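Please open the structure in a viewer and keep the selection tool at hand.

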Amino acid sequence: MKVLVTGATGFLGVNLVRRLIQEGLMVRALIRNTSNTLGLERLDIEKFYGDVLNRESIANALKGCDVVFHTAGIVSLWVPNKQAKKMMWDVNVGGTINVLEEALKSNVEKVVYTSTVSTIGIKKGEPADETTSFNLGYLDIDYINSKYEAEIKAQQILGKGLPLIIVNPSYMFGEWDIKPTSGRMILEMAKGKIIGYPPGGNNFVDVEDVAKGHFLALKNGKVGERYILASQNLTYREIFEKIAQIVGVKPPTMRIPYSLSMGMSYLSEQWSKHISKKEPMITVGLSKMGYVNHYFTPQKAIKGIEFSPQTPIDESIKKAFYWFKRYGYL
């Protein structure tokens, strides 16, 4: 079986490609000319240069493929200008439409689309599941809203006959976070830059488990269903304490008031936008997320696609930390 993986050079994409190779599948990786291919070096795969914004390149990449894993997307809580905002929506929504519609034309056997738990709502007092309606639009975060819109479009194409399965990963830790994305939490803690914690929480999961979950969705998932790929619900204080212990620093002990967090994030964004020209350590979107209990249950995936056992989060943090050290991030 030959599979096409979009977003193959990303954090999840690299781990997914490696997992699919382990499972004996032939992998064709869709790669942009400007992408960092560090994670794909020396792997027995076929590299195909194209872009999810280019329909012709997608159609060509699909030739001879039986399955599509669509992981490509822009993952960021910082949108500094209208151009960046447009690009995020173009890639996350337009790119998804392009890939899924071309996959429908190509009559592939199955498509596994990577969404996010952020397209699922949250509940008070208990973890959310796949039936929980989206209710995070009020945060006004382009990443979340664009992924929600993309999932709506995916469901519409499903209705046209696409054999689609959707997976919704939570906050991932692990190796090959090249950009880095979620691993910035570990890097900033190791550098002593995290001085406090917000009162909210999140669900954390090992990226290799998520990659395995994608394969299990292909193998055991039902067309038309979506599966939360998640593991442990922790407050930010708890996850910061775990990270601090592993990287060898003192954990932050100050709970940051909402007004202070928002003020710091606004100033951080302005500094990045006008002076440093680099992504800020803390964004307004990240601050907003810090005051939400973003908790989820993977029970449907555990029962439906055998998504268990899962790696302890401490081990995931260790793997990420040592990978960052090995590749010169620390």
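Is tryptophan 176 buried or exposed? The model is a predicted one, and in it tryptophan 176 has a relative accessible area of 10%. Because the limit for a buried residue is under 20%, tryptophan 176 counts as buried.

**Stop 1: the loop between β7 and α5**

Keep tryptophan 176 selected; its place is the loop between β7 and α5. Although tryptophan 176 is not a glycine, its phi is positive, at about 70°. Now select proline 180, which lies in the loop between β7 (171–173) and α5 (184–190). The peptide bond that joins lysine 179 to proline 180 is cis, with an omega of about -10°.

**Stop 2: another cis peptide bond**

Select serine 308 and proline 309. A cis peptide bond joins these residues, and its omega is about 0°. Proline 309 belongs to the loop between α10 (299–305) and α11 (313–326).

**Stop 3: aspartate 140**

Aspartate 140 is not a glycine, yet it has a positive phi of about 55°. Is aspartate 140 buried or exposed? Its relative accessible area is 58%, and because exposed means over 50%, aspartate 140 counts as exposed.

**Stop 4: the largest nonpolar core**

In soluble globular proteins, nonpolar side chains tend to be buried together. Select Val5, Leu20, Phe69, Phe173, Ile239 and Ile243: in the largest nonpolar core, which has 58 residues, these touch the most other members. Centre the view on valine 5 and display its surroundings. Apart from neighbours within four places in sequence, valine 5 is in contact with Leu16, Val17, Leu20, Val27, Arg28, Ala29, Leu30 and Phe69. Another core lies apart from the largest one; it has 24 residues, including Leu4, Cys65, Leu164 and Ile166.

**Stop 5: helices α1 and α6**

Select helix α1 (residues 11–22) and helix α6 (residues 207–220). At what angle do their axes cross? The axes of α1 and α6 cross at roughly 60° and come within 8 Å. The two helices are therefore oblique to each other, and their crossing is right-handed. To view the contact, display Phe11, Leu12, Asn15, Leu16, Arg19 and Leu20 of α1 together with Val207, Glu208, Val210, Ala211, Lys212, His214 and Phe215 of α6. By class, the residues in this contact of α1 with α6 are eight nonpolar, two polar and three charged.

**Stop 6: helices α2 and α3**

Move to helix α2 (residues 55–62) and helix α3 (residues 82–106), whose axes are 9 Å apart and which pack at an angle of about 45°. This angle makes α2 oblique to α3. The crossing of α2 and α3 is right-handed. On the α2 side, select Arg55, Ile58, Ala59 and Leu62; on the α3 side, select Ile97, Asn98, Val99, Glu101, Glu102, Ala103, Lys105 and Ser106. The contact of α2 with α3 comprises six nonpolar, two polar and four charged residues.

**Stop 7**

Select threonine 9, in the loop between β1 (2–6) and α1. Threonine 9 is buried, with a relative accessible area of 17%. Which residues is threonine 9 in contact with, leaving aside its neighbours within four places in sequence? They are Val14, Ile31, Ser35, Asn36, Thr37, Leu40 and Ile178.

Continue to alanine 72, in the loop between β4 (67–70) and α3. Alanine 72 is buried as well, at a relative accessible area of 12%. Beyond its neighbours within four places in sequence, alanine 72 is in contact with Thr6, Gly7 and Val52.

End at aspartate 66, in the loop between α2 and β4. Aspartate 66 has 25% relative accessibility and counts as partly exposed. Not counting residues up to four places away in sequence, aspartate 66 touches Met1, Lys2, Val108, Glu109 and Lys110. Finally, select alanine 103, which is 37 residues from aspartate 66 in sequence and 9.6 Å from it in space, C-alpha to C-alpha.

How values were computed: Residues numbered from 1 in each chain as written. Predicted model: local features only at pLDDT ≥ 70, side-chain atom pairs only at ≥ 80, totals over all residues. Heavy atoms only, no water. Core = buried A, V, L, I, M, F, W, Y, C linked by side-chain atoms within 4.5 Å. Buried < 20%, exposed > 50% of the residue type's maximum accessible area, 1.4 Å probe, protein only. Contact = heavy atoms within 4.5 Å. Axes fitted to C-alpha atoms, helices over the stretch in contact; angles between N-to-C directions. Helix = DSSP H or I, 4+ residues; strand = E, 2+ residues; numbered from the N terminus. Parallel < 35°, antiparallel > 145°, perpendicular 65-115°, else oblique. Left-handed = near helix turned anticlockwise from the far one by under 90°. Nonpolar A, V, L, I, M, F, W, Y, C, P; charged D, E, K, R; others polar.
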